Amino acid sequence: MSDAQRPLKLFATLLLFWMILNGSLAPDVFLAGLAISAAIAFLLPGGLSVLCGARLSLRGVGAALGFTGFFLRELVVANLRMAGLVLNPALPVRPAIVRVETRLTDPVARLLLANAITLTPGTLSVELSGRWLYVHWVVAETTDPQEATRAIVAGFENYLEVIYG
Amino acid sequence: MTALGLAILTLGAVFLALGGLGLWRMPDTYTRIQAGTKATTLGTLLSMAGAGVLEPGWALKLALIVLFLMFTNPLSSQVLARAAHRARVPQAPQTVADALAEAEGEGAQ
């Protein structure tokens, strides 16, 4: 991977989490965080952080916010649908494992996509192999890969493509 | 403020309970994982949000917990589902298609 700033981004992420978890800006806490974050980033140069591969421009940040908003809405929809399904006496499930396609190549973007699919309406990522993603669908609307891709993947992919373009 | 916090907490508990009901009612492993993952994620998220409203001083740390959960919860579900599929855990009779088994069959030939 060509992102030379990767260890730096990992370091920044770790330090940020350290500061939030400590909830203090005291110099000794900050110095300890600096040392530990630097040690981890140095020892695990291949470590990934969500920032790795991300475009840190205004457009990238905007897309990240859009992705978060879209994701939260989908999460609520997913839960309401699942609740309706579980409470329905007939339990109208129609499960299927369908194959969908993704254009994303960045590993972090693919992780986020698989996670987002798992958390949203009736779908669960089962296997990722190359550009194919196998998704378990509780109430399958279609088994056609292209239609399934449009229904499951496209919404998230549009944002992720901008962030990790 | 207290009432709002308690209301959000209760809503979170309702989703967690529905997740439990889903585990019990769903016909096979995969659909149970589905019911479990989504409900526990939103349920926990709402519980944390409710706690954050009640104790604003904790809000930042609670937000961090939610962030970790949003990454780890779906990941563990995905790995469980994949392991189940590889171990050929049977699917519910209602299942209409399995593209992954088909792809594996093609690879084996």
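Select chain B and show its surface: the accessible area is about 5,700 Å² (Shrake-Rupley method, 1.4 Å probe), and 70% of it belongs to carbon and sulfur atoms. This is a predicted model, in which local features need pLDDT of at least 70, side-chain atom pairs count only at pLDDT 80 or more, and totals for chains, interfaces and linings use all residues. Residues are numbered from 1 along each chain as its sequence is written, chains are lettered from A in the order in which they are written, and side-chain values use heavy atoms, without hydrogens and water.

From the N terminus on, the order is α-α-α-β-α. The radius of gyration of chain B, taken over C-alpha atoms, is 18 Å, well over the 13 Å that the globule rule (2.2 Å times the number of residues to the power 0.38) gives for 109 residues, so the chain is more spread out than a compact globule. Its C-alpha atoms fill a box of roughly 60 × 25 × 15 Å along the principal axes.

In chain B, 42 residues are in contact (heavy atoms within 4.5 Å) with 46 residues of chain A. How much area do chain B and chain A bury between them? About 3,800 Å², 75% of it on carbon and sulfur atoms; buried area is the accessible area (1.4 Å probe) that two parts lose on being put together, summed over both.

Key: Helix = DSSP H or I, 4+ residues; strand = E, 2+ residues; numbered from the N terminus.
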